[in-house]
Amino acid sequence: MEVADLPKGVASSNAGVIAKRLGTISGGRILDVGTGNGAFIDTLMKTLRDYDSLVGVDYCPSAASREEMESARRRFQGKPVDFLEMNAEDLKFGDESFDTVCISHSLHHLADVDKVLGEMRRVLRTGGSFLLQEMYCDGNQTEAQRTDTLQHEWQARIDSLLGVTHNKTFSRERIMNTVSSLELRELEVYDSTHSVDCLFCERRYECEDPKNQATYHDSIKEIDDTVRRIEDYPDAEIRNRLKEEGERIKETIAEFGLASASYLFIIGKA
Ligand SMILES: C[S@@+](CC[C@H](N)C(=O)[O-])C[C@H]1O[C@@H](n2cnc3c(N)ncnc32)[C@H](O)[C@@H]1O
């Protein structure tokens with residue numbers, strides 16, 4: 001896809017630059033940690049120069065996440081992709097058994113970041129590629145982007161209340177410090193307002209307007225779905241406070257619209 005075909009917001013972001021760079025990487029055997037519904041596996045399959053196989057692991061903390069993995073298995077059926085339920089704090093793979101390891105938007109979902117990254121480093125062969133993408137909460141972001149972080153952090157509090165690890169969105173500096181501790185070589189750091197997926201998304205023109213109706217309706221539904229998850233939470237005071245906050249976030253979305261928070265895409269070599 002030519003950058004000229006893209007709406008201004010996506011074209012002026014680093015999404016195209018990152019996609020082009022991914023297009024120079026031969027992935028070989030790839031591990032995606034905290035894979036969720038396999039969204040990042042999909043991105044890699046669309047952008048990498050080539051690959052042999054992909055494995056997505058997730059510890060599936062809830063029935064919903066187990067179902068998510070099941071539907072990912074169905075979606076990638078017939079492709080060289082496996083999905084395994086596994087805690088990334090204790091990866092059941094040999095040392096240096098992958099050519100590429102990745103973690104996408106999962107860093108702030110980890111109970112023990114160092115342990116997971118240590119395991120990812122262990123299973124990555126010397127000279128292999130380490131890919132990380134993670135949204136951040138600070139820097140020069142628009143009101144619509146700040147609304148994304150606001151909604152995200154509200155959801156994180158609800159997840160935590162229900163026993164699912166979900167920490168506050170990291171600052172850019174915290175992500176950089178975390179990656180620095182891995183002592184990777186040839187580190188490349190890209191900031192972007194738009195994800196690589198935006199290049200392929202049917203809604204890429206619609207999303208130019210942060211107040212577009214489709215995004216608005218999706219986010220209102222997401223907030224309502226999240227509120228339903230705490231219907232049975234025993235402490236009425238906490239429950240009501242979170243519901244009220246959800247309503248206030250809806251008002252903020254109506255006022256400023258919604259756009260994805262900025263994120264870092266980092267590539268390094270083991
Ligand atoms: C926001 S999702 C990211 C999904 C996907 N990677 C993406 O880019 O859209 C974060 C995922 O990390 C998973 N996760 C958290 N801790 C984990 C662990 N210790 N081992 C494996 N997966 C974990 C969660 O279950 C969740 O599916």
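## T35 and the sheet around it

T35 sits in the loop between β1 and α3. Its relative accessible area is 5%, so T35 is buried (buried is under 20% relative accessible area, exposed over 50%, partly exposed in between, with a 1.4 Å probe and protein chains only).

A quick word on what you're looking at. This is a predicted model, in which local features need pLDDT of at least 70 and side-chain atom pairs count only at pLDDT 80 or more, while totals for chains, interfaces and linings use all residues. Residues are numbered from 1 along each chain as its sequence is written, and side-chain values use heavy atoms, with hydrogens and water left out. Helices (H or I, at least four residues) and strands (E, at least two) are DSSP runs numbered from the N terminus.

Now the sheet. It is open, has 7 strands in the order β3-β2-β1-β4-β5-β7-β6, and its pairing is mixed; strands pair if DSSP finds at least two bridges between them. β3 and β6 (185-192) are the edge strands with a single partner strand each, so one side of each has no neighbour in the sheet. From one strand to the next, the twist averages 15°.

| Strands | Bridges | Facing residues |
|---|---|---|
| β1 (residues 29-33) and β2 | 5 bridges | L31 and V55 |
| β2 and β3 (residues 81-85) | 5 bridges | L54 and V81 |
| β4 (residues 98-104) and β5 (residues 124-135) | 6 bridges | C102 and L131 |

Why is strand β2 (residues 53-58) largely enclosed by the rest of the structure? Because 5 of its 6 residues are buried.

β1, helix α3 (residues 39-47) and β2 make a right-handed β-α-β unit. From β2 the chain crosses through helix α4 (residues 63-75) to β3, and that β-α-β crossover is right-handed too. Right-handed here means that, with the strands pointing away from the viewer, the path from the first strand over the helix to the second runs clockwise.

Over in β4, take a look at F98. With 0% relative accessibility, F98 counts as buried. Not counting residues up to four places away in sequence, F98 touches R29, I30, L31, V55, F93, V123, L124 and R125. F98 and R122 are 24 residues apart in sequence, with 9.4 Å between their C-alpha atoms.

What about helices? Helix α2 (residues 15-22) lies across β5, β6 and β7 (263-269), and runs at about 150° to β6. Axes are lines fitted to C-alpha atoms, for helices over the stretch in contact, and angles run from 0 to 180 degrees between N-to-C directions.

Then there's a helix pair: the axes of α8 (residues 213-229) and α9 (residues 236-256) come within 10 Å and cross at roughly 175°. α8 and α9 are therefore roughly antiparallel (over 145 degrees; under 35 is roughly parallel, 65 to 115 roughly perpendicular and the rest oblique). Y216, S219, I220, I223, D224 and V227 of α8 meet K243, G246, I249, K250, I253 and A254 of α9. By class, that contact has 7 nonpolar, 2 polar and 3 charged residues (Ala, Val, Leu, Ile, Met, Phe, Trp, Tyr, Cys and Pro count as nonpolar, Asp, Glu, Lys and Arg as charged, and the others, Gly among them, as polar).

How values were computed. Contact = heavy atoms within 4.5 Å.
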